[in-house]
Amino acid sequence: MELTFWGVRGSIPTAGAHTARWGGNSSCVEVRSGALPPMLFDCGTGARPAGADLVRRPGRALHVWFSHFHMDHLFGFPFFLPIYTPGYQVTVHVPAYTNDQARSKLARYLDGILHPVRLADLPSSVAIEATRARRRAEVDGWTVESAVLQHPGGSLGYRVSDGTHSAAYVTDTGPFARPDEGLSVGQPATRAEARIVEFLRGCNAVVYDTMFERREYLDKMTWGHSYPEYAMALCREAGVGTLVLFHHHPDATDDDIDALAARYAGQQGPRIVVAREGATLAVGEGAMIAEG
Ligand SMILES: [Zn+2]
Ligand SMILES: [Zn+2]
């Protein structure tokens with residue numbers, strides 16, 4: 001199983017010389033394994049290079065899973081080449097109660113006004129399905145589970161397995177405990193933490209929202225984002241192999257992210273890597289096998 005990071009930035013894309021090395025595109029992560037159809041998590045602006053890469057490969061089916069519909073996770077969908085490629089089968093999973101509601105969420109954006117092409121006029125085969133937090137679903141050879149996160153308006157985290165390895169995509173989310181309780185201060189897990197620890201239990205790799213430093217989190221506790229020490233505490237408790245720091249702050253420069261990576265280099269239990277746009281992680285080894 002491999003993860004490719006097509007977009008690693010949070011809140012808004014950040015093009016420019018100061019983000020060229022770590023990447024300025026917003027959230028989009030691809031998971032693939034052998035001949036299974038690829039899974040794409042969120043369609044921030046990273047979906048544009050992801051789509052260009054996907055249509056060059058032989059497969060003609062894929063699944064897109066949205067964590068939520070904040071714009072940094074949606075911007076790239078109207079520019080995602082597979083939806084303009086006849087013969088492509090794209091199944092889009094949208095957090096919603098019904099398939100009609102899921103479809104209307106996407107149709108609101110691809111409506112001929114906010115974007116020139118309407119959802120109904122796409123030349124590919126796009127199936128839109130509502131998804132809710134549930135224990136387990138079998139999807140084209142993958143096992144997929146989802147969990148409710150802590151984010152204004154809601155967000156879903158996903159866990160996928162190919163039968164050998166498992167990876168989780170957990171963004172956007174704030175901590176599951178107040179700052180003075182729970183795992184990050186060495187106390188027993190809160191009930192909400194226990195639930196998310198079980199969800200992540202034994203995962204080979206977890207991609208986790210660490211947009212803030214702890215100090216900034218304490219100023220913005222209602223914004224629904226976490227910080228590295230919190231993600232580490234959860235992943236340690238859950239026996240996670242590799243924690244991937246993700247959804248980088250839009251103000252973070254390449255030098256800031258270099259410093260973040262240096263701070264956790266060599267850390268074990270969990271091993272820590274920092275998501276870099278264009279990089280690919282070998283989930284079993286927990287190491288980047290290609291840099292962007
Ligand atoms: Zn976001
Ligand atoms: Zn969000």
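Which strands does α5 lie across, and at about what angle does α5 run to β12? Keep that in mind while we go through the model. This is a predicted model, by the way.

Let's start with β5, residues 89-95. Five of the seven residues in this strand are buried, so β5 is mostly covered by the cut-off of 20 or more other C-beta atoms within 10 Å. β5 has β4, residues 61-65, as a parallel partner, with five bridges between them. One pair to look at: L62 is bridged to V90 in β5. β5 also runs parallel to β6, residues 125-131, and here there are seven bridges. Q89 sits opposite S125 of β6. Between β5 and β6 comes α2, residues 99-107, and the three elements make a β-α-β unit. Its hand is right-handed.

Now the other sheet. Seven strands, open, mixed pairing. The order reads β7-β8-β9-β10-β11-β12-β13. Take β8 and β9 as an example: they run antiparallel, joined by six bridges. S146 has Y158 in β9 as its bridge partner.

On to α3, residues 191-200. Which of its residues are buried? E193, I196, V197, F199 and L200. Why are they on the same side of α3? Because they cover an arc of only 155° around the axis. The other side has R191 and E198, both exposed.

Next, the two helices together. Two packed helices are described by the angle between their axes and the distance between the axes. For α3 and α5, the angle is about 65° and the axes are 8 Å apart. The crossing is right-handed. From α3, the residues involved are E193, I196, V197 and L200. They meet L234, C235 and E237 of α5.

Back to the opening question. α5 lies across β11 and β12, and runs at about 155° to β12, which spans 242-246.

Note on methods. Residues numbered from 1 in each chain as written. Chains lettered and ligands numbered in written order. Predicted model: local features only at pLDDT ≥ 70, side-chain atom pairs only at ≥ 80, totals over all residues. Buried ≥ 20, exposed ≤ 12 C-beta atoms within 10 Å, placed from the backbone. Helix = DSSP H or I, 4+ residues; strand = E, 2+ residues; numbered from the N terminus. Pairing = 2+ DSSP bridges. Right-handed = clockwise from strand over helix to strand, strands pointing away. Arc of directions from axis to C-beta. Axes fitted to C-alpha atoms, helices over the stretch in contact; angles between N-to-C directions. Left-handed = near helix turned anticlockwise from the far one by under 90°. Contact = placed C-beta atoms within 7 Å.
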